[in-house]
Amino acid sequence: YLEVLEKRQMEREVDIAAEIQQKLLPGELPRLSSGSLAAHSRPARGVSGDYYDVLPLDQDKVALLVCDVAGKGIPAAMVMIMIRSITHLLVSPRLEAAATLTGINRGITGRIDVDHFATIGLVIYDQAKRQAVYANAAHLPLLVWRASTSKLLRVDAEGLPIGVERE
């Protein structure tokens, strides 16, 4: 009986953690004058290390971030929350995409075990210039659809995962 009660309590706590994590994802995506945004995330378990964010930087610029923390469950979710917190503190219209990833990496490295590294792709999009700058920390390549040519462009950049090496 006590084991069943303990299991139910753990399940309740995981459900609460999943609810908190879901609330950390953007509730509403900003409207872009030169394109559109859409996002969907559904963890395989109640909580995960998957994370995306859209952060308006100023009138014309927006930061788009996709992150995947290695591992599953509560430990990965906790690292994800650390990365989200650091990202929200660092991101600014004056900081380039690569420098933002460097700052996130410095904030994480040494504070987590190496087996909880994360891959991140970060785009800073300037709507006025219709220009995107991409930085990558070993995440999957960025795919850009060019409607004018009906071609899919693959954009990649080298980088180590976040949390592996301080520099």
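Predicted model: local features only at pLDDT ≥ 70, side-chain atom pairs only at ≥ 80, totals over all residues.
What covers the buried residues of α3? The cover includes α2 (73-90), β3 (118-126) and β4 (131-137), with contact taken as heavy atoms within 4.5 Å. Residues are numbered from 1 along each chain as its sequence is written, and side-chain values use heavy atoms, with hydrogens and water left out.

Back to α3, then. Helices are DSSP runs of H or I with at least four residues, strands are runs of E with at least two, and both are numbered from the N terminus. Helix α3 takes in residues 97-108, twelve in number, and reaches 17 Å from its first C-alpha to its last. That is close to the 16 Å expected at 1.5 Å a residue, where the expected span is 1.5 Å times one less than the number of residues. Its buried residues are Ala97, Thr100, Leu101, Ile104, Asn105 and Ile108; buried means under 20% relative accessible area, exposed over 50%, and partly exposed in between, with a 1.4 Å probe and protein chains only. Seen down the axis of α3, these buried residues fall within an arc of 135 degrees, so they line one face of the helix. The arc is that of the directions from the helix axis to the C-beta atoms. After α3 comes Gly110, with a positive phi near 90 degrees.

Helix α2 gets a similar check on its length. Its 18 residues should span 26 Å at 1.5 Å a residue, and its end C-alpha atoms are 26 Å apart, which agrees. The buried residues of α2 are Gly73, Ala76, Ala77, Val79, Met80, Ile83, Arg84, Ile86 and Thr87. Among the elements covering them are α1 (2-24), β1, β2, α3 and β3.

On to the strands. Four of them form an open sheet in the order β1-β2-β3-β4, with antiparallel pairing; two strands pair if DSSP finds at least two bridges between them. At the edges sit β1 (50-56) and β4, each of which pairs on one side only. From one strand to the next, the twist averages 10 degrees, using axes that are lines fitted to C-alpha atoms (for helices over the stretch in contact) and angles that run from 0 to 180 degrees between N-to-C directions. Strands β1 and β2 (residues 61-69) run antiparallel and are joined by seven bridges, and a hairpin of four residues connects them. Across this pair, Asp50 stands opposite Asp68 and Val54 stands opposite Leu64. Five of the seven residues of β1 are buried, so β1 is largely enclosed by the rest of the structure.

Next, the nonpolar packing. A nonpolar core here is a set of buried Ala, Val, Leu, Ile, Met, Phe, Trp, Tyr and Cys residues joined through side-chain atoms within 4.5 Å. The largest such core has 27 residues, of which Cys67, Val69, Ile83, Ile104 and Ile120 touch the most other members. Two or more residues come from each of β1, β2, α2, α3, β3 and β4, and α2 gives the most, with five. Leaving aside residues up to four places away in sequence, Cys67 touches Gly49, Asp50, Tyr51, Ile83, Ala118, Thr119, Ile120 and His139. A second, separate core has six residues, including Leu32, Val62, Tyr125 and Tyr134.

Most residues other than glycine have a negative phi. Ala138, though, has a positive phi of about 65 degrees; Ala138 is in the loop between β4 and β5 (142-146) and, at 34% relative accessibility, counts as partly exposed. Ser150 is another non-glycine with a positive phi, of about 55 degrees. Ser150 is found in the loop between β5 and β6 (151-155), and is exposed, with a relative accessible area of 52%. Gly46 lies in the loop between α1 and β1 and counts as partly exposed at 35% relative accessibility. The C-alpha atoms of Gly46 and Glu19 are separated by 8.6 Å, with the two residues 27 apart along the chain. Gly46 also touches Ala18 and Gln21, again not counting residues up to four places away in sequence.
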